[in-house]
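Q: Please take a close look at one helix in this model and at the stretch that follows it, and then follow the charged side chains from there.

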Amino acid sequence: MVKLILRENESIQEAVRRFRKLVERSGIKKEMRRREYYEKPSEIKRRARLRAERRARRNRLLAGL
């Protein structure tokens, strides 16, 4: 959970800007987008497998240099 304590003499705009940064860093927006629509478990596994394959391919290319 993101908590924001207003600083002394802090304007609303500055507080909102700080809040947005905190939300962005905590990954809440990313999680919201990911959960916006239902995704079948098979699609989740497929996406993870493809990500792992790309990562392995990139590591093999970098190791060969």
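A: Leu22 lies in helix α1 (helices are DSSP runs of H or I with at least four residues, numbered from the N terminus). This is a predicted model, in which local features need pLDDT of at least 70 and side-chain atom pairs count only at pLDDT 80 or more, while totals for chains, interfaces and linings use all residues. Residues are numbered from 1 along each chain as its sequence is written, and side-chain values use heavy atoms, with hydrogens and water left out.

Leu22 counts as partly exposed because its relative accessibility is 28% (buried is under 20% relative accessible area, exposed is over 50%, and partly exposed is in between, with a 1.4 Å probe and protein chains only). Helix α1 itself covers residues 12-26, and its 15 residues should span 21 Å at 1.5 Å a residue, which agrees with end C-alpha atoms 21 Å apart (the expected span is 1.5 Å times one less than the number of residues). The helix is followed by Gly27, whose phi is positive, near 85°.

Salt bridges come next (a side-chain nitrogen of Lys or Arg within 4 Å of a carboxyl oxygen of Asp or Glu), and a search of the whole structure finds six. One of them joins Lys29 to Glu24, with the closest N and O atoms 3.6 Å apart, and Lys29 is partly exposed at 36% relative accessibility. Glu31, Arg34 and Arg35 are linked in a network of salt bridges. Arg47 pairs with Glu39, the closest N and O atoms being 2.6 Å apart; both partners are partly exposed, Arg47 at 32% and Glu39 at 25%.

A further salt bridge joins Arg49 and Glu53, where the closest N and O atoms are 3.1 Å apart, and these residues both lie in helix α3, four residues apart, about one turn of the helix. An α-helix has 3.6 residues a turn, so residues three or four places apart point the same way. Arg49 is partly exposed, with a relative accessible area of 44%, as is Glu53 with 35%.

Helix α3 (residues 41-64) also gives the most to a positive surface patch, with six residues. The patch is formed by Lys30, Arg51, Arg54, Arg55, Arg57, Arg58 and Arg60. Arg60 lies in helix α3 and is exposed, with a relative accessible area of 57%. Patch residues have over 30% relative accessible area and no salt bridge, with like charges joined within 9 Å and nonpolar side chains (Val, Leu, Ile, Met, Phe, Trp, Tyr) within 5 Å.

Methods
Areas by Shrake-Rupley, 256 points an atom, 1.4 Å probe, with all protein chains shown as cover. Lys, Arg positive; Asp, Glu negative; His and termini not counted. Charge placed at Lys NZ, Arg CZ, Asp CG, Glu CD. Helix = DSSP H or I, 4+ residues; strand = E, 2+ residues; numbered from the N terminus.
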